[in-house]
Amino acid sequence: MLFGVRQGDLDIFVASQPTEAQKGGSSSLVFTCILRATGFSSSVWKTVVIMHVLTTVPLSRWRRREFARRLWDIMAYLRRCLQSKRLEHFVLGNERLPAEISLPLAIQRLELLNLFEHLARDLAAHREAMQAYGQLRFRLWVLLSSH
């Protein structure tokens with residue numbers, strides 16, 4: 001749990017410290033373990049997971065016994081985003097943002113931001129991202145197969 005400061009009545013929080021994974025501390029959580037040195041930023045991971053959770057899988061299907069299935073779903077979503085070279089920012093310009101999340105009008109009106117725009121412009125970066133995805137997928141398979 002991170003301490004955060006809410007800005008007015010908006011649903012924006014500023015965290016005061018890095019997560020345990022960023023500090024190099026406990027790595028007991030599977031999702032944090034396999035993400036190290038993947039080449040994907042924490043911003044990309046947060047966006048992939050949040051977009052997947054809020055737009056694809058109802059919260060009722062996020063149970064402990066479904067954990068491995070949800071990880072594979074997230075990986076499939078990441079692959080689709082990489083193939084299309086498109087990962088939309090969850091907040092900036094997202095018209096599908098749940099109505100319960102209140103944002104300043106200026107943020108609501110921003111142009112949609114593609115976090116993978118650089119992959120569309122740089123074929124080598126796209127190739128590297130696809131290779132990183134393949135390595136990550138293999139590491140996840142090994143990790144989940146051993147449990």
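Predicted model: local features only at pLDDT ≥ 70, side-chain atom pairs only at ≥ 80, totals over all residues.
Buried means under 20% relative accessible area.

**View 1. R70, a residue of helix 4.**
Let's start with R70, which sits in helix 4, the helix made of residues 67-84. Is R70 buried or exposed? Its relative accessible area is 4%, so R70 is buried. Which residues does R70 touch, once its neighbours within four places in sequence are set aside? The contacts are V57, R61 and W62.

**View 2. The salt bridge between D73 and R70.**
Stay with R70 and look for D73: their side chains meet in a salt bridge, at 2.6 Å from N to O. The two residues are three apart in helix 4, so about one helical turn separates D73 and R70. D73 has a relative accessible area of 12% and is therefore buried, and R70, at 4%, is buried as well.

**View 3. The salt bridge between R69 and D73.**
Because R69 and D73 lie four residues apart in helix 4, they are separated by about one helical turn. R69 has 45% relative accessibility, so it counts as partly exposed, whereas D73 is buried at 12%.

**View 4. A network of salt bridges.**
Now bring the last two views together.

**View 5. The salt bridge between E88 and R86.**
Another salt bridge to find is formed by the side chains of E88 and R86, at 3.6 Å from N to O. R86 has a relative accessible area of 36%, which means that R86 is partly exposed.

**View 6. The aromatic pair of F40 and W45.**
To finish, turn from charged side chains to rings. The count of aromatic pairs comes to two. One of them is F40 with W45, an edge-to-face pair with 5.8 Å from centre to centre and 85° between the planes. Are these two residues buried or exposed? F40 has 11% relative accessibility and so counts as buried; W45, at 4%, counts as buried too.

Notes. Residues numbered from 1 in each chain as written. Heavy atoms only, no water. Contact = heavy atoms within 4.5 Å. Phe/Tyr/Trp six-rings, centres within 6.5 Å; stacked < 30°, edge-to-face > 60°. Buried < 20%, exposed > 50% of the residue type's maximum accessible area, 1.4 Å probe, protein only. Salt bridge = Lys/Arg side-chain N within 4 Å of Asp/Glu carboxyl O.
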